[in-house]
Amino acid sequence: MKRTAHDRLIFGVGIGVLGAIVAVVGGLPEVALVVVPWIVLGALAYGRSTKPLVRVQAQLADDRVMVGDDTQLHLHIRTDAQVLVSAQPKPAASFAADGAEPLPATVDVVRAGSPSEMVVDLTADEWGTHNMGNVVVNVTSAFGGFRWTGAGENRTMLRVHPTTQELRDLLPPWLVRRVSGTHTSRSSARGVEYADLREFSAGDSVRDINWRATARSNDLWVSQRHPDRATDVVLLLDSFVESGHDVRTIFGRAMEAALALAENHLGATDRVGLIEFGGLIRWVDPGIGRVQLHKLTDALLATGLYANAADKSLPMLSPRALPARSFVVALSPLLDQRFVDAIFLARARGHDVAVVECAVAPTSDHATPASALAQRVWDAERAVLRGQMAEQGIAVSTWSQDRELAVVLHELARLRRRVAGIGAR
Amino acid sequence: MTLRSGILASALSLLLVIATASLMVASATALPRVVRILMVVTVVSHGLLIFVGSARLIVSSSIFVLLAVTLESLASSDPSWVRSIAVGVLWYVAMEVSWHALERREGAIYTRAAVAHRVQEVALVVGLTLVVGLVAIAAATVAPGRSVALQAVVLGAVLAVLGAVARQLTRGDDNKASIT
């Protein structure tokens with residue numbers, strides 16, 4: 001900690017000495033009496049400038065909150081002498097929204113052997129994982145003469161979850177596993193959804209006999225049904241940083257969609273995994289249950305957005321990370337060609353692929369003909385890209401700021417039915 | 001809440017400065033016009049500086065108080081020591097309240113215990129000042145107020161203290177505290 005003399009000590013000593021000299025040289029004791037308080041203050045402050053030992057420990061009331069929630073940061077302070085302590089939390093820059101005021105400093109008296117606790121109220125404005133443990137501490141000695149300034153660094157992480165949207169419908173996959181689940185399989189076996197009729201053969205259950213069809217003919221007919229199967233859903237998240245756009249907002253929307261899909265499909269007993277493809281390549285193996293949801297959430301919150309110019313392609317991941325016949329849902333603004341290539345590559349490897357395009361907000365209000373023309377060219381390029389993807393059996397639905405995610409996914413399911421003929425190959 | 005507390009404290013400090021100036025003007029025994037002008041300048045400069053929020057420059061208005069006391073003492077043949085002590089105490093409290101107000105306006109949140117602690121410290125300084133003043137008044141009855149011997153002793157003591165303090169302040173970061 002760095003020690004500095006407070007203004008009151010410097011001023012007190014200065015004016016005290018000046019007054020004393022004027023009083024002595026001019027023979028004016030009244031002047032000396034006017035500056036006596038400052039001389040007394042200087043003597044008291046100077047005589048009690050002890051070296052304090054300060055310990056600061058930061059502790060959060062909650063380690064996980066949602067965006068917009070309030071929480072508290074508890075600062076436990078201990079010293080070996082009675083001092084005035086000012087503690088100001090300095091959370092990571094990612095914690096506060098743009099333009100937000102810094103957290104205020106709290107000043108309290110801390111006595112030797114009697115720890116003090118300061119409580120700082122926080123509001124989580126931005127999603128992510130934030131380090132809240134850095135604290136700037138100012139210790140003022142007795143009578144405010146000297147001040148020691150230092151910083152305590154603790155690793156106290158706060159995870160702020162984005163608000164997730166509730167989805168009513170699942171995205172229907174084309175390919176399913178042989179495990180019971182919620183999705184209707186295209187094959188015929190025991191199930192609920194009616195599929196077809198066929199003639200009775202040895203081994204069929206009597207319960208499967210369709211008596212209406214049987215009554216119209218002289219043969220026994222049985223109903224065939226689509227079995228309910230589970231699937232593997234792998235969320236392919238684009239974390240490439242493309243300059244000129246609000247990366248954090250776009251990525252936030254992609255993450256919001258990823259969490260909503262993950263929660264929905266995990267609730268339907270599907271296995272859900274995550275592959276983050278961008279500055280870094282990270283993945284979470286598909287799994288089921290609430291624990292998997294927490295793993296996915298932690299992985300998403302820990303995502304870092306790094307600018308990267310390396311020539312990258314989607315690597316051959318192990319079957320545990322990207323199982324065969326898995327349903328890959330790509331969440332991306334489709335700005336980086338490397339990610340677009342990764343989508344085509346996944347399709348070429350036989351995966352069922354769908355894309356939620358997190359649309360970039362227009363950069364201008366098209367007041368000039370040139371900007372309006374540029375926007376039209378941009379829209380045309382996007383339409384061409386979507387057409388190319390549709391030709392490969394990849395449905396793309398655009399999620400702009402004025403649309404609900406549920407509507408986007410419903411449209412995506414409809415587009416998938418349209419390209420189903422290509423996708424089934 | 002913090003800004004409101006800071007504004008209230010700023011208003012209180014200005015009131016104390018006005019009280020000091022009023023005391024000086026009302027009890028001036030010599031050069032009343034000069035004292036009045038200097039006190040007006042003091043109040044205006046202090047008000048401006050506390051409005052601007054400069055913790056360093058706010059001490060500069062003290063120069064006018066010291067100048068007014070000096071000029072009046074030089075011109076007066078019957079100085080009042082009680083009045084000098086009262087002016088000194090009022091001015092000291094006004095400055096302490098000013099610094100506290102500026103810290104509050106910067107966003108610092110003071111707990112009640114912290115405010116009480118500072119009030120106790122200021123009260124102790126005021127109390128000791130009054131004691132020193134009483135001792136000085138008592139001593140004046142024994143020795144002449146402006147004797148050469150007294151001047152020499154006081155000047156020597158002041159220079160010794162100045163030297164010691166200057167050495168301490170310029171010693172730098174030897175006096176380190178640790179934070180863990």
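Predicted model: local features only at pLDDT ≥ 70, side-chain atom pairs only at ≥ 80, totals over all residues.

Biologist: Which helix of chain B gives the most to the nonpolar patch?

Modeller: The patch covers about 370 Å² and is made by B:Leu31, B:Val34, B:Leu67, B:Leu71 and B:Leu74. Three of its residues come from one helix, spanning residues 62-75. That top contributor is helix α3.

Biologist: Is B:Leu74 buried or exposed?

Modeller: B:Leu74 sits in helix α3 of chain B, and it is one of the patch residues. A residue counts as exposed when its relative accessible area is over 50%. B:Leu74 has a value of 55%, so it is exposed.

Biologist: Now to chain A: is A:Asp270 buried or exposed there?

Modeller: A:Asp270 lies in the loop between α4 (247-267) and β17 (271-278). Buried means under 20% relative accessible area. The relative accessibility of A:Asp270 is 0%, so this residue is buried.

Biologist: With which side chain does the side chain of A:Asp270 make a polar contact?

Modeller: A:Asp270 is a buried loop residue. Its side chain has a polar contact at 2.9 Å, and the partner is the side chain of A:His265.

Biologist: And what share of the residues of chain A count as buried?

Modeller: Chain A contains nine helices and 21 strands. Its accessible surface is about 20100 Å², with 51% belonging to carbon and sulfur atoms. Of its 425 residues, the buried share is 49%.

Technical notes. Residues numbered from 1 in each chain as written. Chains lettered and ligands numbered in written order. Heavy atoms only, no water. Patch = residues over 30% accessible without salt bridge, like charges linked within 9 Å, V, L, I, M, F, W, Y side chains within 5 Å. Areas by Shrake-Rupley, 256 points an atom, 1.4 Å probe, with all protein chains shown as cover. Salt bridge = Lys/Arg side-chain N within 4 Å of Asp/Glu carboxyl O. Helix = DSSP H or I, 4+ residues; strand = E, 2+ residues; numbered from the N terminus. Buried < 20%, exposed > 50% of the residue type's maximum accessible area, 1.4 Å probe, protein only. Polar contact = N/O pair within 3.5 Å; in protein donor to acceptor, adjacent residues only side chain to side chain.
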